[in-house]
Structures are given as C-alpha cells and as structure tokens.
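Let's walk through this structure together, starting with one chain and ending where two chains meet. Please keep the 3D view open as you read.

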Amino acid sequence: MSDTTTGTVQVKRGLAEMLKGGVIMDVVDAEQARIAEDAGAVAVMALERVPADIRAEGGVARMSDPQLIEEIQAAVSIPVMAKSRIGHFVEAQVLQDLGVDYVDESEVLSPADHAHHIDKWDFTVPFVCGATNLGEALRRIAEGAAMIRSKGEAGTGDVSEATRHIRTIRAEIRRLSALSKDELYVAAKELQAPYPLVAEVAATGMLPVVLFTAGGIATPADAAMMMQLGADGVFVGSGIFTSGDPAKRAAAIVRATTFHDDPSVITEVSRGLGKAMVGINVADLPAPHRLAERGW
Amino acid sequence: MSTGGSAGVPAYAPGQGLRIGVLALQGDVREHERMLTSLGAQVTTVRREHELEGLDGLVLPGGESSVIDKLLRGTGMYEPLVAALRAGLSVLGTCAGLILLADRLADGITGQQTLGGIDATVRRNAFGTQRESFETDLEVPALEGPPVRAAFIRAPVIEALGPAATPLATLPDGRLVAAEQGALMGLSFHPESTGESRFHRRFLSTARARRAPVCSGGAEMGAD
C-alpha cells in the first residue's frame, strides 16, 4: 500500500519547522558539540573553524573534513548541519552521503561558483541558504532551499547587519502584502524572483519556509532582539565558543530566545556571563572582507 | 465530516468554546495554532505555569525533545505540567510531544526526562538522520475516511506499549507510531504540517468530553 517517499518538500521544510524557537550553534569538535547539546542547542553546525577564525586566518575556506563531521555526529543526538561552499554541488553530495541533517550553502566559505548556486532540488538532504533581502531569499527557495537565514556579517560579533537583513526581509514581505494583484508582476520583476513565489508571499504574509537569523549574534539580548524582529530562531556562530564561559552563554542565549519578549528573563540570563567575544565593527571591515555580499 | 472548512470556521466547529494551550517553548507551535484555530478553538500559547490555568486541553508540539525538556525544568514548568497531566488534562503530543508523554525513553540525552502518562517506551530518532525522514500513507482504524498522509521527521517510534495504553497506528513493517491512554494521545508524525485535521478533532472531542463540569471559580465567558 505504502507510497513512502524521502526528501519531499514537506519533509525538508518540516525539519526546519521543528527547529523554530531554537538556537543553532557553530561547533568545531565533539567536545563543543556536547557542550552545545547540554546547553539546549536545537542543532549544531559542524565546521573546522568558526567564522571569526576564518576571518582572522584568511585563505580559502572549504567544507570540513568528513572525519570531523562524523565525530560530531557521533557525539550528539540533535540534528547536525554542515556547510558547503556556494555552488559546490560535490561538497553538498559528500555532506548528503555523510548523512548530515541540513546542508548550509554558505557565504562564510569561499564561493566555488560566482554565477550559480547549487540546484538543491536534486538532493534528499534539505538546504538552508543565506539572504540579505526578500529577492535573494526567494531565488534560493526557487532553487530548492528549505530554510532561509538572514546573513548578517558572520564572525564579527556585530549584530547591526543581522538587524538590517531581518528588517529588510520583513519589511519587503509587508510591502508585498499591501500590493494589488496586478502590481505583483512588477514586484516579481523588481525582486528578481519567480512570480508564483512572490504571489504566495503576498497572500500569506510570510516566507514559504522558516526564516532564521544569523551573523554577529553574541549575547542573549542580541538573540532576543532578532526574535522580536520576527525571526523564527537564531544561528550563533563565533559568539559562543570565543567567549569567556561558552556553556553558560549558550544556555543563556537559549533561554533568551524562548523568552525573547520578557525583559526580566533577558536581564536574569545576561547577568555574570563573563567576557563576550571582542568582535569587529562591521563599519571597519573593508568591502572585500564582507561575507554577506557573497551570493547572487 | 465533510465540512472541510480550511478557510474560516465551519458552522459547527469541533473546537468551539474550548480553550486550548500550545506549549510554546520551542518547536512547530505555529502549525498547531493554525490547525486548532481553523477548528474553532480558542488558542493560547503556554510558556509559564499560570498559563496552564483554565485550559481544556494542551498540545505538546514537535521540536527537539531534549531542548523542550531542558526548558521545562529550567523554568519551573515541569512539576505543574506533570500535575496537570495527572489531574486529567487532555493532551495531544506530536513527535517531541509523544516523547514527552511516554513513561520511558530509550535513548534520551544525558539527564533527559519525560512527563510521562502513556505507558510506553519511546525511542528518539528511530529511523536515522534527516536523510531517512519520509512521508507515507498510514492506516488509522480509529479514524474514519482515507489513510492518513503522515510526515515522519527524525521521528520517534513506540518500542513497547503497556496494557493501559491503546495502539492507534502502525507502519507496514509493524512499528507502532501512535497510541492513546485516557486523555493523552501521542503521535510520531505531524498531522499539523500536512493539513490532516482528524487527530486534532479527536483530541478536541476528548477535551470536550473531559471538560470539568465543576469550575473552580473561573467564569466561562461565552462558552455556550
């Protein structure tokens, strides 16, 4: 009887739905992965270097060593995500073969293709992709992304770009909702996104997939602000394991994400957290070092 | 059964006059809210103890069970919720919610607990990683109509079920994926994501039947 299928749109988008209200943490080894799981991470992102270190060390950043990813998979029972370079469909094939739960086609790594992103419909594993605005988000969804994260500026600890991107995406969605049906054709042209997706967003007032925020989130208050701005959840990269007390900060960010609209909880969890990551002001970053501009 | 009523509330709504909470610490809260609202229930989110007051039923959504457990215990919600379940509150749990309802957990993370209530042993991520997540048609004898289109997302299974509980659905390979016991119903899959309303209808009718006839002071505005 059974018409059993894996990798359906429902199943791919569905996992992201289950992650809502949660915090996804960057980890570079099994020990960090266990700390993240203990602190209440809803998933971990397995990578060799956190974005702050990629920034500091420079050079070409690539997919992590499969052995590292396997060690992290063995260490935790929550979902494990891993990054491929933009357009590098073979790295994505490897990650799918490893059985990661989500592939992040990420601007944090060096792009492998400066014109094309991965055709994500070809895969059973779901993809999350970054976006700085609604058009970019819808292009990624058209290519098969099952989850979107606003990009922010990874590895800086400066939340201002994350704020700008989530505000932009949410504002563009609200604007679409106010347009008449015949105006949506031009809106699709301007957004450089497929008309059916534009019409769907206009009708529902939301993206057809879950929208997380990433890039520069370093404190419980940062996470709560992203949630109040309408994110479904947050990615925290360098902010946890480059801080003074990662376990405590991780747990605090989890609590702040759940109780994002309750200042008394944010106050309580922010107290005595130890040193936050030092970070870099995005304004001080020369243009070639801005990761959010990668992706097209 | 034919008043599909996807948009707007049908003339007779199964949830009419019922106040239903959705535990909103983490997970697919929105999908349950949408389903329950479409069935006419008055839906509130629950993150704190006082928000449990006056509920006719509670949904434990899908999500990451270890995270929901941690937040329940970190926020003082665990004991009040166990007390509410023991006192007979009607509860529907999907995926992580099923895990929370099981008396025994086969492979939780270190220190993970459940609320309990269904005499069952449940295994997390029983099918493997996301690559093995799937959709299938599921026969559910207790429901009228066609098979259920069910999405299993890093889903748990019920490995053993005690005599006090009743099985509701099994996969073709015999693995048990839904059960109920008293006012509690637990599902491995996500009817809230696939537009399948029959489990929520069943839950609402249990909640209605169990609705406490003696209200402790709470005036039920507009219940009729």
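This is a predicted model: local features need pLDDT of at least 70, side-chain atom pairs count only at pLDDT 80 or more; totals for chains, interfaces and linings use all residues.

Residues are numbered from 1 along each chain as its sequence is written, chains are lettered from A and ligands numbered from 1 in the order in which they are written, and side-chain values use heavy atoms, with hydrogens and water left out.

Chain B contains six helices and 12 strands; helices (H or I, at least four residues) and strands (E, at least two) are DSSP runs, numbered from the N terminus. Of its 224 residues, 56% count as buried, where buried means under 20% relative accessible area, exposed over 50%, and partly exposed in between (1.4 Å probe, protein chains only). Look at helix H3 (residues 78-86) of chain B, whose buried residues include B:Tyr78, B:Leu81 and B:Leu85. The buried residues of H3(B) pack against several elements of chain B, among them strand E1 (19-23), helix H2 (65-74) and strand E12 (184-187). After H3(B) comes B:Gly88, with a positive phi near 105°.

Now find strand E8 (residues 148-152) of chain B. Four of its five residues are buried, so E8(B) is largely enclosed by the rest of the structure. Strand E7 (residues 134-138) of chain B runs antiparallel to E8(B), and five bridges join the two; strands pair if DSSP finds at least two bridges between them. Within this pairing, B:Phe134 sits opposite B:Phe152.

Next come the salt bridges (a side-chain nitrogen of Lys or Arg within 4 Å of a carboxyl oxygen of Asp or Glu). The structure holds 31 of them over all chains. In one of these, B:Asp119 and B:Arg104 bring their closest N and O atoms to 3.0 Å apart. This pair links strand E6 (residues 118-123) and strand E5 (residues 102-105) of chain B, 15 residues apart. B:Asp119 is buried at 18% relative accessible area, whereas B:Arg104 is partly exposed at 36%. In another, the side chains of B:Arg123 and B:Glu159 meet at 2.5 Å, N to O. Since B:Arg123 lies in strand E6 and B:Glu159 in strand E9 (residues 157-161) of chain B, the pair ties together parts that are 36 residues apart in sequence.

What does the meeting of the two chains look like? Here, 45 residues of chain A are in contact with 42 residues of chain B, contact meaning heavy atoms within 4.5 Å. The area buried between them is about 3400 Å², with carbon and sulfur atoms giving 53%; this is the accessible area (1.4 Å probe) that two parts lose on being put together, summed over both. Six salt bridges are counted between the chains, and B:Arg30 forms a salt bridge with A:Asp232, with 2.9 Å between the closest N and O atoms. On the side of chain A that touches chain B, the largest share, eight residues, comes from helix H1(A).

Finally, return to E7(B), which also pairs with E1(A) in the antiparallel sense, over two bridges. There, A:Thr5 has B:Glu135 as its bridge partner. B:Glu135 also belongs to a network of salt bridges with A:Asp3, B:Asp137 and B:Arg149.
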